[in-house]
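Here's a quick briefing for anyone opening this structure for the first time. Have a look at the picture, then read on.

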Amino acid sequence: MASTPAAPQGSHPSQAPAREQWSGQVGFLLAAIGSAIGLGNIWRFPGVAYSNGGGAFVVPYIIALLGVGIPVLFLDYALGHRYRGSAPAVFRRVHAGLEWLGWFQVFICFIIMTYYAVIVAWALRYTVFSINTAWGDDAAGFFQRYIGLGELSSSGTPAYSFTPVAGVIIPLILVWAFGILTIARGVSNGVEKANRVFLPLLVVMFLTLVGRALLLPGSTDGLNALFTPNWAALSDHRVWMAAFGQIFFSLSVGFGIMLTYASYLKRRSNLVGTGTVAAFANSAFEILAGIGVFATLGFMAHTQNVKVSELDDIAGVGLSFTTFPTVISQMPGGPVFGVLFFASFTMAGLTSFISIIQVVIAAVSEKLGLPTSRAVLVAGLPSALLSFILFGTSSGLYTLDVVDAFINNIGVVFSAIVMCVALGIVLRRLPVIERHLNLVSESRMIGPWWRAVIMVLVPLLLGVMLVQTVSSYITEGYTPDYSRSFELVFGWGALLMVVIAVAAMTLARWATPVDDFTPLDLDALEEVK
């Protein structure tokens with residue numbers, strides 16, 4: 001079944017260049033896992049699990065993985081593989097009126113990569129700091145001095161600062177240089193080769209780190225704190241929403257990444273099998289990270305003679321750049337442990353970072369008819385400059401916190417809801433996508449249950465999350481720590497910038513023949529199978 005013909009929009013009569021491809025299924029799988037395994041696995045999952053029922057959290061987590069995460073991942077894979085293009089090209093090929101959704105996903109990634117690079121830069125710098133535990137006995141104060149934290153308004157709330165922080169800018173330049181050069185080398189020679197090196201190294205280093213953490217005094221107390229189930233928590237809807245949110249964000253679905261990666265697959269690819277392996281590999285790493293983090297927290301509680309529940313900063317920035325450095329200073333062989341932790345943190349961030357950049361560069365390259373090397377400069381350099389201006393200053397932590405909250409909790413969730421509703425209910429394209437998944441994969445396990453999840457369950461669950469979030473941000477603000485004007489500029493302002501950019505790029509003319517495309521002939525494929 002061919003897609004609905006789209007109205008010509010400046011298509012060029014010349015033929016589009018041949019699309020790059022992964023060297024094989026393994027190369028794609030490593031890249032997909034590398035994208036999924038990122039900063040959130042290490043600093044978000046342990047805290048979310050601990051505060052939402054401990055061991056009992058595994059129940060909603062697995063249900064969310066099987067019931068929502070993997071089905072949406074399959075949808076991303078199938079869209080990219082069937083329509084073989086960047087996010088805007090794919091959605092335009094589905095229906096001309098959906099091109100804007102592809103650009104919405106692209107500019108969500110554009111904003112994310114501006115601040116994601118900064119966190120990776122912090123981790124890179126802390127890898128060096130770990131060699132001699134440069135933070136001494138005051139990890140919290142050291143981190144604040146390192147990022148130049150300051151600039152409060154007259155009311156005592158954070159304000160934007162133009163003051164650059166050299167200690168952040170230098171590693172940030174290195175991170176951006178790595179990302180731009182990797183993408184410029186192409187999918188196979190750049191992205192795939194980077195993941196072939198970094199992902200195995202990440203797994204080996206993190207396994208070593210976890211093994212060391214388990215041998216620390218008090219590690220058992222930390223594991224008990226994480227995995228002791230609080231079954232009563234399962235009656236709280238917020239625990240279930242936290243599980244679905246964790247799975248959704250962790251798998252990098254719904255905002256163009258997996259869709260773009262799948263577009264470089266060969267025509268015959270085992271989408272269902274690969275997607276299942278990638279999803280479970282990501283979840284396995286999250287659980288491994290939880291074990292490593294809480295074994296270490298158990299040691300910290302042991303040295304301070306307190307309970308794990310009495311510790312501060314067990315998630316997010318505080319966990320990585322305050323709590324862990326404190327533990328590193330207290331433990332035997334701390335510098336080695338620190339290098340392992342922050343080097344692993346850096347590599348996990350880099351593999352995800354390049355996947356985010358790829359979404360943007362692929363779209364710009366196709367829309368403007370530019371080779372990848374030039375598209376990287378056109379889109380990558382402005383994003384890097386924005387990264388330095390917004391997050392490389394002494395107010396960087398504040399702006400990062402607000403932008404991340406609004407872009408992820410509103411932008412990404414909205415994108416996924418529209419995608420599922422448009423394809424499942426408005427355009428009714430799920431039957432052909434389901435058939436595509438079954439015919440290119442080794443087994444036909446996708447059925448009516450999958451369509452029900454995409455059409456009903458995902459929009460319903462994410463819709464509740466979105467309504468609650470938007471209502472809360474409008475009436476109460478994101479957090480009382482920030483002024484409403486600060487949130488207006490950097491939170492709602494980031495979303496407004498995305499909307500304006502989406503409108504501009506959707507109206508622009510295509511330099512490549514995006515409408516001159518025919519999907520796989522599924523009838524012929526079925527005869528072969």
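## A first look: helix 5

In helix 5, the buried residues are Ala87, Pro88, Ala89, Val90, Phe91, Arg92, Arg93 and Val94. "Buried" means under 20% relative accessible area, "exposed" means over 50%, and "partly exposed" is in between (1.4 Å probe, protein chains only). Helices here are DSSP runs (H or I, at least four residues), numbered from the N terminus.

Before going further, some ground rules: this is a predicted model, where local features need pLDDT of at least 70 and side-chain atom pairs count only at pLDDT 80 or more, while totals for chains, interfaces and linings use all residues. Residues are numbered from 1 along each chain as its sequence is written, and side-chain values use heavy atoms, with hydrogens and water left out.

**More on helix 5 and its neighbours**

- Eight of the eight residues of helix 5 (residues 87-94) are buried, so this helix is largely enclosed by the rest of the structure.
- The buried residues of helix 5 pack against helix 4 (58-83), helix 6, helix 12 (257-262), helix 15 (334-368) and helix 17; contact means heavy atoms within 4.5 Å.
- On the helix 5 side, Ala87, Pro88, Phe91 and Arg92 meet Glu99, Leu101, Gly102, Trp103, Gln105 and Val106 in helix 6.

**How helices cross**

- Two packed helices are described by the angle between their axes and the distance between the axes.
- Axes are lines fitted to C-alpha atoms, for helices over the stretch in contact, and angles run from 0 to 180 degrees between N-to-C directions.
- The axes of helix 5 and helix 6 come within 7 Å and cross at roughly 160°. That makes helix 5 roughly antiparallel to helix 6.
- On the angle scale, under 35 degrees counts as roughly parallel, over 145 as roughly antiparallel, 65 to 115 as roughly perpendicular and the rest as oblique.
- Helix 5 passes helix 6 in a right-handed crossing. A crossing is right-handed if the near helix is turned clockwise from the far one by less than a right angle, and left-handed if anticlockwise.
- Further along, the axes of helix 18 (residues 430-440) and helix 19 (residues 448-475) come within 10 Å and cross at roughly 130°. That makes helix 18 oblique to helix 19.
- The crossing of helix 18 and helix 19 is right-handed. The contact is made by Leu430, Pro431, Ile433, Glu434 and Leu437 of helix 18, plus Pro448, Trp450, Arg451, Ile454 and Met455 of helix 19.

**Rings that pair up**

- Rings of Phe, Tyr and Trp (its six-membered ring) pair if their centres lie within 6.5 Å; planes under 30 degrees apart count as stacked, over 60 as edge-to-face and the rest as tilted.
- By this rule, the count comes to 44 aromatic pairs.
- One of them is Tyr126 with Phe143, an edge-to-face pair at 6.2 Å centre to centre and 65° between the planes.
- Tyr126 in helix 6 (residues 99-129) and Phe143 in helix 7 (residues 139-146) are 17 residues apart, and their pair links distant parts of the chain.
- Tyr126 is buried at 0% relative accessibility, and Phe143 is buried at 4%.
- The rings of Phe406 and Trp492 have centres 5.0 Å apart and planes at 75°, so this pair is edge-to-face.
- Phe406 lies in helix 17 (residues 396-426) and Trp492 in helix 20 (residues 484-507), so the pair ties together parts that are 86 residues apart in sequence.
- Phe406 is buried at 0% relative accessible area, whereas Trp492 is partly exposed at 27%.

**Charges over rings**

- A charge sits over a ring if NZ of Lys or CZ of Arg is within 6 Å of the ring centre and within 35 degrees of the ring normal.
- Arg93 has its charged end over the ring of Phe517, 4.3 Å from the centre.
- Arg82 does this with the ring of Tyr83, 5.7 Å from the centre.

- Ser130 is in the loop between helix 6 and helix 7, and is buried with a relative accessible area of 0%.
- Met497 sits in helix 20 and is partly exposed at 39%.
- Asn305 has a positive phi of about 60° although it is not a glycine, and is exposed at 71%.

Definitions and conventions: Helix = DSSP H or I, 4+ residues; strand = E, 2+ residues; numbered from the N terminus.
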